[in-house]
Amino acid sequence: MTPMLRVGIVAAMLLAVVTATSNNLPAHSAGAKKMADSEQTLEALRLLLDIDDTQLREGSSCFGRYGTLSPTLRDLLAMRLAVFDSGKNVIEGGCETAGATKSCKLNFYHAHGEDVSSSNFTFQVVNGKAVPNSLECVMSP
Amino acid sequence: MSVYTPTPSDHQKLNLLEERDANLNLALLQRQLNALLGKSISQICPYHYVLGNQCAHFVSHVLGIQFGALCSIRQNGTSLRCDEIYNSLVVRGPWTQAPPGLAPRNQILIFVITAHEVLAGNLMTNWPRKHVGIQLNGRVYNYSNTGGRVIVDASVSHFLSKFVKEYSRDTDVSLYYGGV
């Protein structure tokens, strides 16, 4: 991915996070909590983007046709985020540690009338890095 | 011991029986779909799986489709993604090229997506703006995500024009069929 494209994807994601947060944030309450939520989302986003060159193999829950011969997570993210140009767009997620295992989840949601889609990602983290083989996706429609 | 050889008359009777069965199945399907009108996916999915867009999830429960990601892994879950359903069907293609004999003997799935996202080899991408319903006797049963319930569009052309409007940011929004 070119640096420009990577910056573009990150910018779109962060914009969506900001939009989601501002849409959900009550006027006079829970500001500190929402900031923490956004920071959690940011952590999960960074970890996922670090493995964006992961090949999506047939049989993986993330596999699909993304307009390239050998699709990668980057192709998936680009396609699923490309519709974040209208309507309500939400990116939210976070990571938690249970025992020796750290796992993260990240959810994309888009709605503009009947144009509704969602992408949910889960993955594990070892030594501060997302584990590509642990990545699982549930997408609709 | 003589070997039974079906006569032309037997073949005719068999065809009539098959046709009667097919019509009976379609009548049962229509009754089932009409009974689901107005229902939400949480009333249809026994696992109460609710996530994002439910159009593919709805048709999969009605027709028992199990390709790719399912609403339940441990149990008898059904499909969630339009592209995984479409790409797994043997009989599929642009709506205008649907074989004349396919309807009404088969339940026809009707997909709507920009034509740019159906690639060579009739493979649908995972482009998020897409929808699927069940075409039966000219009407399209599908899941409204804004209403959160099963609806029926009075005609295929109404279904298409609705999504041309809904997907106004896409060009060449087109219909595709899939035989189940």
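In the predicted model examined here, B:Asn142 of strand S6 of chain B is the bridge partner of B:Gly133, and B:Asn142 also stands opposite B:Ile151 in S7(B). Helices (H or I, at least four residues) and strands (E, at least two) are DSSP runs, numbered from the N terminus, and two strands are taken to pair if DSSP finds at least two bridges between them. Residues are numbered from 1 along each chain as its sequence is written, while chains are lettered from A and ligands numbered from 1 in the order in which they are written. Because this is a predicted model, local features need pLDDT of at least 70 and side-chain atom pairs count only at pLDDT 80 or more, whereas totals for chains, interfaces and linings use all residues, and side-chain values use heavy atoms, with hydrogens and water left out.

The model scores ipTM 0.87 and pTM 0.85. For chain B, the mean pLDDT (the predictor's confidence in each residue, from 0 to 100) is 92, and 96% of the residues of this chain reach 70 or more. Where pLDDT is low, the predicted coordinates should not be read in detail.

Strand S6(B) has pairing partners in S5(B) and S7(B). Strand S5 (residues 130–136) of chain B runs antiparallel to S6(B) and is joined to it by four bridges; the two strands form a hairpin with two residues between them, and B:Asn137 in the turn has a positive phi of about 55°. With strand S7 (residues 149–153) of chain B, S6(B) pairs in the antiparallel sense over five bridges, and this hairpin has four residues between its strands, with B:Gly148 in the turn showing a positive phi of about 65°. Five of the six residues of S6(B) are buried (under 20% relative accessible area, with exposed meaning over 50% and partly exposed in between, for a 1.4 Å probe and protein chains only), so the strand is largely enclosed by the rest of the structure.

Over all chains, the structure holds seven aromatic pairs, a pair being rings of Phe, Tyr and Trp (its six-membered ring) with centres within 6.5 Å, where planes under 30 degrees apart count as stacked, over 60 as edge-to-face and the rest as tilted. In chain A, the ring centres of A:Phe108 and A:Phe121 lie 5.2 Å apart with the planes at 65°, so this pair is edge-to-face. The pair links distant parts of the chain, with A:Phe108 in strand S2 (residues 101–112) and A:Phe121 in strand S3 (residues 115–126) of chain A, 13 residues apart. A:Phe108 counts as buried at 2% relative accessibility, as does A:Phe121 at 0%. In chain B, B:Phe58 and B:Tyr143 form a tilted pair, at 6.4 Å centre to centre and 40° between the planes; B:Phe58 lies in helix H3 (residues 55–63) and B:Tyr143 in strand S6 (residues 139–144), 85 residues apart. B:Phe58 is buried, with a relative accessible area of 0%, and B:Tyr143 counts as buried at 3%. A:Phe84, A:Phe108 and A:Phe121 form one aromatic cluster.

Chain A contains three helices and five strands, which run α-α-α-β-β-β-β-β from the N terminus on. Of its 141 residues, 44% count as buried. Helix H3 (residues 73–81) of chain A is mostly covered, with eight of its nine residues buried, including A:Leu73, A:Arg74, A:Asp75 and A:Met79.
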